[in-house]
Amino acid sequence: MVDYLWNTQSPLQKALVPGRHGAAGAHVGVTLNEVRDIVLVQVMARRGKAAEAAKAAKKLFGIEAPATPKAVTGKAATLIWSGPDQFTVIAPRADEASQLAAMAQVFAGSASLSDQSDGRCLIRVSGPRGRDAIAKFSSLDLHDLAFPVGAAANTSVDHTAVNLWREANGADGHPVYNMLVFTSFADSLWHTIVDASLEYGVEAASARAA
Amino acid sequence: MSGYSGSEPLGRTAALEGTPTSARSQAASASQSHRLRSGGLIDRQQPLQFSFDGKVMSGFAGDTLASALVANGVKLVARSFKYHRPRGIITAGSEEPSALVEMRSGARKEPNTRATTQELYDGLVAQSQNRWPSLRRDFMSINQLAAPIFVAGFYYKTFMWPAKFWEKVYEPLIRRAAGLGKSAELPDPDHYDKAWAHCDVLVIGGGAAGLSAALAAGRAGSRVILVEEDSRLGGRLLSDGGEIDGMHAEEWVRRTTDELTALPNVRVMVRTALFGVYDGGVYAALERVNDHVPVPGPHQVRQRVWRIVAKRSVVTAGAIERPIVFPGNDRPGVMMASAVRTYVHRFAAMPGRKVALFTNNDDGWRTVEAIQQAGGDIAAVIDPRGKVPAEYQALAELSDLRVLSGGVSDVKGGVDGVRGVVVTDNNGRTQQIDADCLAVSGGWNPNVGLSCFHRGRPVWRDDIAAFVPGDSPKGMTTAGAANGEFSLGACLRDGHAAGAAAAAECGASGNAGEASEAGDEVYAISPLWQVKAKGKAFVDFQHDVTASDVTLAQREGFESVEHLKRYTTLGMATDQGKTSNITGLAIMAEATGRTIPQTGTTIYRPPYAPVAIGALAGHHRDENFHAWRLTPSHHWAAARGAVFVDTGLWKRAQWYPQPGEKDWIESVTREVLAVRNGVGFCDVSTLGKVDVRGADAGTFLDRVYINAFSSLAVGKARYGLMLREDGIVMDDGTTSRIAEDHYFLTTTTAKAGPVMAHLEFCRQVLWPELDVQLSSASDQWAQFSIAGPNTRKLLQELVDPSEDMSNEGFPFMGAREVKLRGGVTARLFRISFSGEIAFEISVPARYGAAMAQNLMIAGRDLGVTPYGTEALGVMRIEKGHVAGPELNGTTTADDLGLGKMMSKKKDFIGRVMAGREALTAPDRQVVVGIKPLDQKRRLRSGAHVLPKGAIPGPETDQGYVTSVCYSPMLEQWIGLGLVERGRERFGEIVRIHDPLRNEDYEAEICNPVFYDPEGARQRG
Amino acid sequence: MRIACPFCGERENGEFTYLGDASPKRPNFAVDSGESPEGVEDAFYDYVYLRDNVAGYMREYWYHGGGCRSWLIAERNTVTHVFRSVTAAPGVGAAKPVQAGE
Amino acid sequence: MKYSIFSLAKAALSGHKGWTRAWRDPAPKSHYDVIIIGGGGHGLATAYFLANEFGIRNVAVLEKGWIGSGNAGRNTTIIRSNYGLPGNTGFYEMSMKLWERMEQDLNYNAMVSQRGIINLYHSDAQRDAFARRGNTMRINGIDAELLDAVQIRKELPFLNYDSPRFPIMGGLMQRRGGTARHDAVVWGYARAADQRGVDIIQNCEVTGFVRDHNGKITGVETSRGKISAGKVGMAVAGNTSRVAAMAGMKLPIESHVLQAFVSEAIKPLIPGVITFGAGHFYISQSDKGGLVFGGDLDGYNSYAQRGNMPVIEDVCEGGMAVMPMIGRVRMLRQWGGIMDMSMDGTPIIDKTPIDGLYLNAGWCYGGFKATPASGLVFAHLLARDEPHPEAARFRLDRFRRGAMIDEKGQGAQPNLH
C-alpha cells in the first residue's frame, strides 16, 4: 500500500514570482508579501448572544473583541472586526486542531464558528508607495487621519469582498496594510495589486506567518 | 509673409527673459516668423521640432501646438464640419471649437485633438482632418455651393424617394461626408489606470480665485486637492498679468504655488481636468499623465482617471469669452481677444501684425495694451458703445487710437486668413480697415457647466449679461469669474472666502489668513450678440450653424432651446457649445420676443471635456476585463493539458484531451465511458457552499426550500429546490446535515452569490427571530466528484481502513467526515449527478492539488480518469437531471418534473405565487427527453419542437431543445427539451425545426431519464 | 453615489446590491389557516408586484455584500439621490428583534 | 407644405423665408374625444394613428414640456425585432414593418437605417439561447441568421475575436435591424398628426384627473386649465407611476435610470449595431459620426435623468473588451433616461380598472423601437375598447394570473431586466 502525501499548495503558487518587478531604480516603492500558514476562524455571535461571545473572546484572547471596524491583537491571535456581532480570528498556524478545539470549546453556545483557514489568502502591502498602489484598486480613504494603525474595513476590490486592516508601521516608517482575499480570487487580485505597483517598483515574497 | 524675423526691432522693451544663446535655439527662433524675440513662459533653451500636415516647424518647450503654429505664422489649421470652410485657431483653451487636429499615427492615432490644449513635444506629428485632398484645396468645400439647400434640418425634408435609396445611396454619402477625424483601427497600445483620492475641499481650477481658495483652505488645515487642466497654475494671470500684493502676477503665482506645494495637507494636480460631478461628493477628473511626451515610459500609463471623494468643492473654473456673430466671423485670423493676449503674453507669439479689435466690453480693451507692448499695431478698435472706456482714454489718446463706433459687418480674406475688416458704424456708413487679425470680445460667460451637472439651472445677471450658477450640487460653491466676479481683486477675495468657508464647514479650525489684494478693474458691457448683415454669420463654428439657421428653426416652431439644439445641432459638437450655446439662445430669444432667461439654457451634461474611452476602462482590459477565479486543482489540471473555459468568473476544465484524439467529442466520450465503466473524478469546487448554523437552522431551511430539511437526519444529504418569491425556480443543490445545528448547503456555480444574498435577506429581514448564522465556505473546500462502479474500490484505497465504506456503512445520500490515509480529514457525501455510484469529497483547499494527485494514485490500477465539465454535462443529460438551460428563470418546479417535492404542510418562499393559474396550466412546457429518429442525426440546442408534419408558425411552435449531448451509452445524440404537455407525450414523434441551421427532422419525445431509469446503479 | 453603512461608514455604492422598495411586507401566511387561497394570492401579488414607485424619499433595501454583509434600509430621494438615513435590518448580526417578522 | 427636394430648392430661392411651423401651437379646447397624456414618440404616434387609421381627429396630445423631451429624445435610437417570447415577437415585428414605411407614411425623413444588429455570443450556453430566439424569429417570419466567428470576422474585422477571457464565438444577426433618428420620429409624427387635425399642446402639465359620480374619468386638470375628454390615454413612460397615482392606481412598475453615451464625431467605423455578450455594452455609429453606446441600468429607483460613475466605467470596460481600438476615441456626452421598468421586462397596454383611463406603460428600455406599433395598438385600444391582436398579451392582469413575459428570466426585480 502506498502512503499518501498531502502537500499543501498556496493559491499564489503561480502568481507570486519572488523578487523585483516593474520600474527599476534604487528604491523599491511597494513590498508585497504572501503570509502563509495561518489559522483563520470567523466567529458569529448566536442570536442574542453578542455579549456572551465577547466575554468568551476576552477569556481566550485576553482582549475585548472589536465591536467596530478595528483589528486588535491579543494572546496569540489578532481579532479583526468582520461585521456586526462577528469578527475574524487570525493566528499563525501551530497545532491547528487544538487551536480550533480551544475556540470551539470557549465559544460553544455563544457563537458559531466557521473555519476559513483555507478560504482566504493573506497579502501584505507595504513600502513608501504602498498606499498609492492601493488607491488604484480600493475606494477606501487610507489617509492617516481616516485609517490609522489598527483600523480595519470590509470592502471590495475588483467587485470581490476583501478584509483590509492596517498594522503598525514597518521598520522603514511606512504604513503596512493586510488584505484577506478569497482563495479562488487570490491569483487574480495578486495580479491586480502587482499591476498597480509596477510603476513604483515592486519586491514580492512569500513567508510563513509569525 | 514678412512677419517678425529676429532682425526687426520688435519684442517687448522690458523682456521677461534674456535673449536665446544656443545656435539651435537661434535657428529655431529664426524659423518662427511670428515669435517675439523675448518674453513668454516658454523655454528658448529647449527648441522642439514638430510637423503639421508634413511641414516641419519648430517651437519651444512651454508651447502648445496652437501657440507653436501661431509662432510659425500658420493661420489655416482645419476645415469645418458641414461646409468645409477654412478655419483657424479661435481660442487658447479647452473651449476651442475649430482648431482640431489628428494627433500621432497608427495604433496611437487620435482624432479631434484640440491644438490649443496639446502640449508641444519634440517630434510631435499632427495632421489636419476632414479635408480631401489637402487642407488648402479641399474638394469637399463644394458643399458651400449647395449651402442654400443645406440649411438646418434639410435632410428631414428630403432623401425619401425612392425608399430603397436611403441605405444604398444617400446615407453612405452622408456618413462618408460626416464625422471629423479618423479613429485608429488597431487596439490602443497604451495603458491606463484609475485611482481614488479623498479630501475635505476640492478646488477646481488653478487661476487667481482657485489659488486663493486652495491657499485659504490649506492654511486653515483642511485636506485640499487643487486640480488644474492646464500644465501650469495661474489661469488668466499667465496671459493678462496684473499686480497682486504689490508684486507682478506671475511672481505671485510662483510664490503661491510654492506655499501650496509646501503644505502637507494640500495636493496640487496639474494636467488634470475635472469632467464630472456625481452623487455623494464623487468627482471625476482626467489626468493627462503622458500626453506631453511621444510615448509613455515603461510601466507608465498614458492617462489616469481620478475618482475624487470630497466633502466640499469650490468651482473656480473661470469664464469663457464669447464670440460675436457677424458675416465672415469664421475666417482664419479671427480670434477671441483673450486668446490673442494669451498667445502674445504667455507664448510670445503674434497672431497678426495689424490687429483690429471688436469689443462690446471694457475687458476687450486690454488687448490694445497687450498688442502695443508686444510691438504690434492696433488697426482700429470697433466698439458699438461708441466711447472709449475711462480706464483706456489716456492710452487711446497717447497712441491716437482709431476708435470706431459700430460693428464688423464682413471680413475680407481667404484660406490664408484675414486681410481686411469691413465696419458698419452706428450711422450705417461702412468702411474697410486693413488688418491681418481680428480680435473679438462679446463679453464673458462664467463657466457654469460643473454647477449644472445635477440639472441645476443657471441664473441670468443683467449687469454682466451672462448666466451665473444657480442651485449647485450638494457641497459645491463657486467663486471668482465662474461666479461672475470678473475683477482680479474680487476673484482673490471671493476665492479666499469660499476656500475658508469650505474648510470651516469641514471642521478645519486653522487660520485661513488674509486674501491677497489687487485692483478692481471695471467690467462694463452692453450686450451685442450679432451684427445683422449679408453673408454667412456663424454661431457654432464647428457645426457650421449660422444665425439664419437659428431663425429658420424658430420659423418652423423649434423654439424650445432643446428643439433648437436638436434641429440645428447647435452646441452638439466636440466643444459642447462652450462658445456657441449662449449666443445661439440669445438670438432665439430675440427672434421669439422672449428674454434670455425665459428662453433658458439646454441641459449641461458631463463630461466637461471629452474623455478617452480607454481611460474610463482603465486597467480592466484583456485578461483583466474582470477578476477571475481558480479552483484548487487548476494548476494540476493545466499541467495535464486540460482545456479551460471562462464561465462567469471561473476558469473551469472542460475536458482533458489525449494524444491522437481528433476532437473534443472524442475526448469527452472517452471520459464518460471511463466513468460509466470504471471510475473518474471531476473538480466541482466551483459549487457555492454555505455553512448554515444555529438552533433554528432546520426551520430556516424549511422556509427557503420547497421541501423539508428539519426532518433530515444528521449524517444525511438531501436534494433541495428553492423558488423565488414569484414561484419560479431559483436554484437547486444538495444540503447535508453535519450536526443538529449545522447544515452544509450547496448551490449551483452560477447562483452562489445571489443565493447567499437571498439567504441573508431571509435571515436578517424576513425571519430575524430565528437563530441562524450563515457563512460562505465556497473557497474553504476543494470538492471533487468521484463517480463510477469502481468508486468504492478507489475510496477504499484512499480512506483510512477504519472507515466502513460498504453500502450499509455508507448508504446512498449518506454524509459524514472520514479520515484519509496520510492523516487528512475529509467530508464525504454519497450523492450522484452522474447516476453511478458516486461520492463528493471535500478537503481544505490547500490540499486540492494533492487530492487530485492522490486520486490518480489511488485509482491507478482502476484506470481512474479525470473528467471535465463537458463529460459532467453529458452524464447529467443521460440521467435527465436539470441544470442551467432548464432552470432558466421562467420554469416552475412542476415544469422540471419536481412538483412532487413541494411540501403541502408549510409556507416557503414562492409557495403562494407558484399556485397562480397560468403557472399551473396544463399546457405548460415541461421537461422531456428528445431522441432523433435518425440515430446519426446531431441534435442541436435551440431547435424548436413542432407537431409531426406541422407547418411552422407561432401556433404550432410547442417548445424547444434545451440541452444536448452525444450519449456514449445510447450511441446517439440525445437532449432535454421544454415541450407543451410533454409528459403526456412520451413516445410521440415530433418535428424538430431548426431554420437557423437549415435542419429539419423528426424525433421522439421520451422520458428525460435516458440511462438507468430505475436508478439501480447509483444505489448499488 | 456613496452610502453610509451604519457599521462600515460611507462607502461606494459598488459595494452594495439594491433590492428595492422596503415598504411592502411579506404576508404572514399559515397553512390551513382557512384563509381563502384567492385572498392569500392577492396579498402576495401586492407584495411581489405592486410598487408606489415614489418620486421623492423612499425606504429601500440595500445589501452591503461587498462589505459587512448587512441588509440595510435606506431613506433615499429618488429625484436627487440624497440619502436621509441608513439603518440596519431588524435581524442584522445577532440582534434579537422585539417582535418577529419585518 | 409637402417636404421634398423640390420644395426645398424652391424655398432656397426665397432664402427659406417661406417655411412655416412643422406643427401648430394651438390653445387647448375645452373638450376632446381623446386626450393623450405625454408628447413623446408613443403619444404622438397614438394620436397619428387615431386620426389616420380610426378617423378620430378631435384629439389632443398634452406635453408638460417640449415634445420628445422624455425617452424619445434620450435613447440610443436602435430598432430591432429580435425577441424570443410569444407576445413580443409578433408585436415588435409589426413595429419593424411600420418603421420600414414610416418616411413615406409621414412625408418626413426619420433616417430609418437598416444597417443590421448583431448580438455576439461568447459561450455555448449563450449560443443555444440565441439559437432558440433566432428560430422563434424565423418561425414568425422574421429575418435572423446565426453566424459563427469566421463569418462575422468577414463583416466586422475590427472586433476583438481572440480576447483571452470571452472570445467571440459567433452572433445572432438581424439584418433588418438598425437605427432611426429619434428626434425626427417625434417631429415626423407630430407634423403628420397635426396635419390630420390633432392638437399638440406643449408646456401643458396634467395635474389631476376629472371624474364623474361613478368614478369614470371625464377629463384632466392641467397647468392650462381643465380639459374634458371622452377617453384619456397615458403614454408617459418613466413617469407612469406618478400620473397613475393621481388616479389612485398602484402599478407593477419601477422607474430606473438608464445611461447612454456618445463619442466625438469620427469618420465611419462601425456599420451597424453591435452588442457585446460578455458584458454590458452595445454600440452603433450615428450618421453624424458619433459612436452611440450604452450598457446596463444604474440599478436603483431614480427619477433623476442622470447617472453615476460606476456604470460609465463598466460600459467603457465592455467597449474596450470587444473593440479595443476605440481606446483613444473620446466620450463626448453622457445622459440618462427614466425607464418604466415593468416587473417582467415587458410593456403593459390595457384598459385600467378605472373607466375612461387607458394605459400604455412599462416599456423598460424597449420603448423607442416599439414607437410605431405602440401608437397603432394603443390607438386601436382607445378606438375599439379592445386590445389589438398583436398586443393581446400585454395585459395588466398578467402578473396576477402568472402569465409573465420574461425574456431575461429575472422575475419581479426590475433592475435585473
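This is a predicted model: local features need pLDDT of at least 70, side-chain atom pairs count only at pLDDT 80 or more; totals for chains, interfaces and linings use all residues.
**Chain D**

With chain D still selected, switch to a cartoon display, in which 10 helices and 18 strands can be picked out. Turned along its principal axes, the C-alpha trace of chain D spans about 65 × 65 × 40 Å. A compact globule of 417 residues would have a radius of gyration near 22 Å, and because chain D has 21 Å, its value agrees with that expectation. If you colour chain D by burial, 71% of its 417 residues count as buried. Of the contacts in chain D between residues at least 6 apart in sequence, 74% join residues at least 24 apart.

**Chain A**

Select chain A next, where the cartoon shows 4 helices and 12 strands. The C-alpha atoms of chain A fill a box of roughly 60 × 55 × 30 Å along the principal axes, and its radius of gyration of 18 Å agrees with the value near 17 Å that a compact globule of 210 residues would have. Buried residues make up 58% of the 210 residues in chain A, while its accessible surface comes to about 8100 Å², of which 56% belongs to carbon and sulfur atoms. Among the contacts in chain A between residues at least 6 apart in sequence, 67% join residues at least 24 apart.

**Chain C**

The C-alpha trace of chain C spans about 50 × 35 × 20 Å along its principal axes, and 56% of its 102 residues count as buried. Its accessible surface comes to about 4000 Å², with 53% belonging to carbon and sulfur atoms. Of the contacts in chain C with a separation of 6 or more, residues 24 or more positions apart account for 47%.

**Where the chains meet**

Now show all the chains together and look at the places where they touch. Of the 5 pairs of chains in contact, chains B and D share the most contacts. Chains A and D, by contrast, are joined by no contact, and their closest C-alpha atoms lie 11 Å apart.

**The cavities**

A search of the whole structure finds 11 cavities of 30 Å³ or more, and two of them are worth a stop. For the largest, which holds about 390 Å³ of space, centre the view on B:Q576, B:G577, B:K578, B:N581 and B:Y604, which lie nearest its centre among the 24 lining residues. Strand 25 (444–446) and helix 14 (581–592) of chain B each supply at least two residues of this lining, whose residues divide into 12 nonpolar, 8 polar and 4 charged.

For the second largest cavity, with about 150 Å³ of space, select A:M44, A:P84, A:Q86, B:R763 and C:G93, which of its 18 lining residues lie nearest the centre. The elements that give two or more residues to this lining are strand 3 (38–45) of chain A together with helix 20 (752–766) and strand 39 (773–776) of chain B; helix 20 of chain B gives the most, with 3 residues. Here the lining divides into 7 nonpolar, 5 polar and 6 charged residues.

**A covered helix in chain B**

Move on to helix 22 (residues 848–858) of chain B, which is mostly covered, since 9 of its 11 residues are buried. To display them, select B:G848, B:A849, B:A850, B:M851, B:A852, B:N854, B:L855, B:M856 and B:A858. Around these buried residues, show helix 17 (634–639), strand 34 (680–683), strand 40 (781–787), helix 21 (791–798), strand 43 (838–844) and strand 44 (865–866) of chain B, against which they pack.

**A buried glutamine in a loop**

For the last stop, select B:Q530, found in the loop between helix 11 (488–505) and strand 29 (538–540) of chain B. Is B:Q530 buried or exposed? Its relative accessibility is 18%, and because buried means under 20%, B:Q530 counts as buried.

Note on methods
Residues are numbered from 1 along each chain as its sequence is written. Chains are lettered from A and ligands numbered from 1 in the order in which they are written. Side-chain values use heavy atoms; hydrogens and water are left out. On a 1 Å grid over the protein atoms alone, a cavity is a set of points where a 1.4 Å probe fits but cannot get out, and a pocket is an open set with protein on both sides within 12 Å along at least five of seven lines; lining residues have an atom within 4 Å of a point. Grid points are joined across faces, edges and corners, and a volume is the space filled by probe spheres set on the points. Ala, Val, Leu, Ile, Met, Phe, Trp, Tyr, Cys and Pro count as nonpolar, Asp, Glu, Lys and Arg as charged, and the others, Gly among them, as polar. The radius of gyration is taken over C-alpha atoms; the globule rule is 2.2 Å times the number of residues to the power 0.38. Buried means under 20% relative accessible area, exposed over 50%, partly exposed in between (1.4 Å probe, protein chains only). Contact means heavy atoms within 4.5 Å. Accessible areas come from the Shrake-Rupley method with a 1.4 Å probe; for residues, only the protein chains shown count as cover.
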